[in-house]
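Student: I'd like to learn how to read this structure piece by piece. Could you walk me through it?

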Amino acid sequence: MAHDGSPTPRLHDCRNAWVETLEALAAEDERIVAVVNDSTGSSKLGGFQKKFPDRLINVGIAEQLMVGVGAGLANGGRIPFVSAASCFLTGRSLEQVKADVAYANFNVKLVGQSSGVAYGELGATHHSIEDFAWLRPLTNITVIAPADAWETAEAVKWAAAHQGPVYLRLSRMPVPDLDIVGRVFTPGKAELVRSGEDVTVIACGTTVHLAAEAADRLADKGLSVRVLNMATINPLDEAAVLAAARETGAIVTVEEASVRGGLGGAVAELTAGECPVPVERLGFPGFVPTGSTEWLFEEYGLSVPGICAAVRKVLARVTA
Amino acid sequence: MTTKPETVELIREKALWMRRTAFGMVHKAQLGHPGGDFSAIDILATLYFGVMRYDADRPEWENRDRFIMSKGHATGALYTALCAAGYFPESWLQTYMQPRSMLNGHPNRNYLPGVETNTGPLGHGFPVATGIAIAGQLTGADYRTFVLTGDGEQQEGSNWEAAMTAGFRKLENLTLIIDRNRLQQGQSTEATSGMDPMDDKYRAFGFEVAMVDGHDIGALLEVLSASPRGRGKPLCVIANTVKGKGVSFMENQAKWHHGVPDDAQFAQAMEELV
């Protein structure tokens, strides 16, 4: 049950939205191809493979080749979606992502699956919490971490239509649909999830619904908490961050990623230079222990109580 | 297949101009990789002036043959080839490695027409070329893709990832050329990480393999211009070359990997390159 007694919302694996959207787009545009590293199943691309067997290119367990092939397919006029576990896609082939995709500016869509700590029990080799920090300096890659199934579908559609490199950071962790009406997906723009004046929580991906729930809980205590869904990490919606700093005076960032160099890092870099306000960054401090995704979220404060505590902490810094 | 003598002569003239011009660029910039430029120049001249189908006025033409310079440091060879092929005016060569020049130390496709992908870190070109060849296989386009790697560069594991997939997918539209000058940056390839027999390695990966003298224009023309149709496998051309080819004091000297000439050395090279 949610805190107000309403029924617990249905949870969705956003990978379904990813593949359903990709298959629909591929049926309309033969240029769309998928490239995998023996990751057809974990990318949920089995249906795509059945429908378009020639257009599912499995290079085997060879991530450097996978990303290079993506660049080559783009050179040959295809629109490649290169899909693999994000820890390997961004880590093992980081130089290919830098040189072949970003620096060469090829129209390649990198799709990081099972990002963050989705593979919690498998340990830090399989956690992908560094990817934001690795990709943010590659300024021409648009980095998007969708918050729910709807946003995942919209991001896939936008990526296919956009001319240029994109990194979609997806998760297998089930999340509810955000309860916002009249949504329009605008890459590079923060989405207002909750209005508020006392403090702003900026979240992305799997943590946005937690931020919204935390805001509702704090509203019951008389706190007005703004919540922004910062789905696009790169380029950052600087106007929305600076407005939050000016108008609410304190910021909490929440991400299923390292607190170094990701969303929290980006917000801190910007506010330090343009509008210094207290910023609390929720995320992972570095390598984290083995444990289930749910346990790791609880342990590191990526939870409704954890976000509420971070809000109180940042507000205490304002009044101190 | 018979090669027209006038084609061989034209390629020789282009290669001579490329060597003289590239060394002039390196002399002026006091930067560059002339040893590897000179081992590769006959191969590039053969491709651009005897083998490949392209239109320098339409660098994005979708059915162009593609050439990927995976040993991206050999920009003296690549830039002079692209210039001679008509992609940009000769005056641009004078800016080689100057601040904000479009002629980087390593090629950038966003700066320079005719560059197919950005290279520099080794082991990148072959995977990208494999992707281009797969795109051609998917669409049925009849363009060919050529990629040139150094022999030391073959130590990068990404090449063998590409070799596995290219052989497995029978990419007959793909030609890998290895500039087998037997020297890497500091010493011989065989003293570093023994690479022979390279032909057996590529045969084992599903390639047709040809060994040629990489400075014999006629032999290069014959093997590179043969139609790939029906070959049923990718082609690997191991071009036996001489690092620093054409200048007596540079030949087979590892120090000329990124050595640069003083005025006297430059003058002597110009006397020899005729």
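**Helices, sheets and the contact between chains**

Tutor: Start with a helix pair: α9 (residues 238-248) of chain A packs against helix α10 (residues 263-274) of chain A at an angle of about 60 degrees, with their axes 10 Å apart. That makes α9(A) oblique to α10(A). Helices (H or I, at least four residues) and strands (E, at least two) are DSSP runs, numbered from the N terminus. This is a predicted model, where local features need pLDDT of at least 70, side-chain atom pairs count only at pLDDT 80 or more, and totals for chains, interfaces and linings use all residues. Residues are numbered from 1 along each chain as its sequence is written, while chains are lettered from A and ligands numbered from 1 in the order in which they are written.

Student: What do the angle and the distance describe for two packed helices?

Tutor: Two packed helices are described by the angle between their axes and the distance between those axes. Axes are lines fitted to C-alpha atoms, for helices over the stretch in contact, and angles run from 0 to 180 degrees between N-to-C directions. Under 35 degrees counts as roughly parallel, over 145 as roughly antiparallel, 65 to 115 as roughly perpendicular and the rest as oblique.

Student: Which residues of α9(A) and α10(A) meet?

Tutor: From α9(A) come A:Glu238, A:Val241, A:Leu242 and A:Ala245, and they meet A:Val267, A:Leu270, A:Thr271 and A:Glu274 in α10(A). Contact here is two residues whose C-beta atoms, placed from the backbone, lie within 7 Å. The residues of this contact of α9(A) with α10(A) divide into five nonpolar, one polar and two charged. Ala, Val, Leu, Ile, Met, Phe, Trp, Tyr, Cys and Pro count as nonpolar, Asp, Glu, Lys and Arg as charged, and the others, Gly among them, as polar.

Student: At what angle do α8(A) and α12(A) pack?

Tutor: α8(A) and helix α12 (residues 304-319) of chain A also pack at about 60 degrees, with their axes 8 Å apart. Among the contact residues are A:Leu210 and A:Ala214 of α8(A) and A:Ile307 and A:Val311 of α12(A). By class, the contact of α8(A) with α12(A) has eight nonpolar, no polar and two charged residues.

Student: On to sheets. How do strands pair?

Tutor: Strands of a sheet pair through backbone hydrogen bonds, either parallel or antiparallel. The criterion is at least two bridges found by DSSP between two strands. In chain A, five strands form an open sheet of mixed pairing, ordered β9-β11-β10-β13-β14. Its edge strands are β9 (191-194) and β14 (279-284) of chain A, each pairing on one side only. Within it, β10 (residues 199-203) and β13 (residues 251-258) of chain A pair in the parallel sense over four bridges, and A:Ile202 stands opposite A:Thr253 in β13(A).

Student: Which strands stand at the edges of the seven-stranded sheet?

Tutor: That sheet is open and mixed too, in the order β3-β2-β4-β5-β7-β6-β12 (chain A). β3 (56-58) and β12 (232-234) of chain A stand at the edges with a single partner strand each, so one side of each is left without a neighbour in the sheet. The twist averages 20 degrees from one strand to the next.

Student: How many residues link the two chains?

Tutor: 24 residues of chain A are in contact with 24 residues of chain B. On the side of chain A that touches chain B, α3(A) gives the most, with nine residues. The predictor gives the complex an ipTM of 0.96 and a pTM of 0.96.
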